[in-house]
Amino acid sequence: MQTELSTISIFVTVVEAGSFSNAAEQLHLTRSAVSKSIARLEQRLGVTLFKRTTRTLSLTAEGTLFYEHSQRAIAEIHAAESLLDQGKISATGLLRISAPVLFGQLYVAPMMIELAQQHADLQVELSFNDRTVDLVEDGFDLAIRIGALPDSHHLIARKLGDHRMLLCATPKYLQQSGTVKDLDDLQQHTAIAYPYSGSPPKWHLQDKNKQLYAIKPKAKLLLNDMQAIKNTVLLDQGIAWLPDWLIHKELQDGSLVQVLAEFSSVDFPIHVVWPALSYMPLKTRLAIDLLVAVFPSQLSAN
């Protein structure tokens with residue numbers, strides 16, 4: 001009995017050959033065998049694939065749809081066989097990725113540069129943007145998202161890890177302005193904060209007992225870029241609420257210290273997301289595998 005794959009291959013050959021007789025000749029089968037194979041396929045699918053007359057053979061609407069998908073599937077299989085014959089797996093084409101500006105530049109870009117170097121025929125396009133893009137509408141293969149994801153039937157997600165927001169300042173600033181012993185003390189200090197759509201900034205903190213607090217900092221400077229806020233804090237200008245992955249190095253070398261270390265934000269999940277397609281291109285799979293393999297160790301170091 002013929003496998004489903006071989007039956008589909010016969011169907012594609014019939015379409016491209018233009019008749020059962022021509023397909024039979026190409027496949028080294030009898031015309032009857034080809035006809036019976038197509039009949040079994042139609043019965044299994046529950047649709048008519050061909051419009052048959054004594055002189056012509058053409059596809060129905062269902063047949064056209066099935067042919068387009070079958071052709072792509074067989075092409076992918078042939079491509080995989082070719083790669084295996086070469087003894088290596090190589091991604092090709094253009095891989096388009098959307099990522100948050102700062103996080104993408106610091107973490108995503110180095111990994112995608114490495115991926116591009118490993119595959120000579122792969123071109124990687126990184127778009128750094130803090131807005132949530134529509135992957136299908138904007139033509140992206142995958143995206144990095146920080147924060148809770150909305151329910152979606154059109155996207156698939158893999159969690160890469162979590163990050164937190166921490167209060168920090170330089171030792172010199174705290175020496176000049178005084179230590180911060182509790183949340184009330186924050187109101188006596190200068191804050192460098194991130195504005196949100198014209199609303200007064202808030203720092204959302206929790207203590208070790210998961211008690212939540214919303215603090216309105218006394219912000220002297222409002223900067224809509226986390227790197228700019230970090231740079232300003234390093235100039236001894238005040239206290240800021242910044243992602244742990246952005247200040248990890250400075251906390252280690254002592255140029256920044258955590259303020260009120262018993263308080264931090266809730267965990268914010270980081271995901272890689274991609275469109276829910278019937279098949280996944282090799283370039284996308286390799287990129288996701290690399291992100292999943294590398295990100296957890298990088299984030300756990302923070």
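This is a short walk through a predicted model, stop by stop, with what to select and what you will find there.

Before you start, note that residues are numbered from 1 along each chain as its sequence is written. Because this is a prediction, local features need pLDDT of at least 70 and side-chain atom pairs count only at pLDDT 80 or more, while totals for chains, interfaces and linings use all residues, and side-chain values use heavy atoms, with hydrogens and water left out.

**Stop 1: the domains**

Colour by domain: 1-85 is domain 1, 93-161 + 268-301 is domain 2, and 163-267 is domain 3. These bounds come from an automatic or database domain assignment. Taken over C-alpha atoms, the centres of domain 1 and domain 3 sit 64 Å apart.

**Stop 2: a serine in domain 1's range**

Select helix H4, residues 61-86, and find serine 70 in it. (Helices are DSSP runs of H or I with at least four residues, strands are runs of E with at least two, and both are numbered from the N terminus.) Serine 70 counts as buried because its relative accessibility is 5%; the scale is buried under 20% relative accessible area, exposed over 50%, and partly exposed in between, with a 1.4 Å probe and protein chains only. Its side chain reaches the backbone oxygen of phenylalanine 66 at 2.7 Å. That is a polar contact: a pair of N or O atoms within 3.5 Å, where within protein one must be able to donate a hydrogen and the other to accept it, and residues adjacent in sequence count only if both atoms are side-chain atoms. Leaving aside neighbours within four places in sequence, serine 70 is in contact (heavy atoms within 4.5 Å) with Ile8, Phe11 and Val12.

Now hop to histidine 28, in the loop between helix H2 (20-27) and helix H3 (31-45). Its phi is near 60°, a positive value in a residue other than glycine. Most residues other than glycine have a negative phi. Histidine 28 counts as exposed because its relative accessibility is 73%.

**Stop 3: the largest pocket**

Select Pro100, Asp130, Ile146, Gly147 and His163, which lie nearest the centre of the largest pocket among its 41 lining residues. The volume is about 980 Å³. For the terms: on a 1 Å grid over the protein atoms alone, a pocket is an open set of points with protein on both sides within 12 Å along at least five of seven lines, a cavity is a set where a 1.4 Å probe fits but cannot get out, and lining residues have an atom within 4 Å of a point. Grid points are joined across faces, edges and corners, and a volume is the space filled by probe spheres set on the points.

Which domains line this pocket? Domain 2 and domain 3 each give at least three residues. By class, the lining has 26 nonpolar, 9 polar and 6 charged residues. Here Ala, Val, Leu, Ile, Met, Phe, Trp, Tyr, Cys and Pro count as nonpolar, Asp, Glu, Lys and Arg as charged, and the others, Gly among them, as polar.

**Stop 4: the cavity**

Strand E8 (191-193), helix H8 (226-233) and E12 each supply at least two of the lining residues. The lining divides into 11 nonpolar, no polar and 1 charged.

**Stop 5: helix H9**

Select 244-253, helix H9, whose buried residues are Asp244, Trp245, Leu246, Ile247, His248 and Glu250. They pack against H5, E6, strand E7 (165-169), H8 and E12. Just after H9, glycine 254 takes a positive phi of about 90°.

**Stop 6**

- At 5% relative accessibility, leucine 260 counts as buried.
- Serine 265 sits between strand E13 (257-258) and E14 and is buried at 1% relative accessibility. Its side chain reaches the backbone nitrogen of methionine 165 at 2.7 Å. Beyond four places in sequence, its contacts include Arg164, His204 and Trp241.
- Aspartate 267, in the loop too, is partly exposed at 47%. Not counting residues up to four places away, aspartate 267 touches Asp162, His163 and Arg164.
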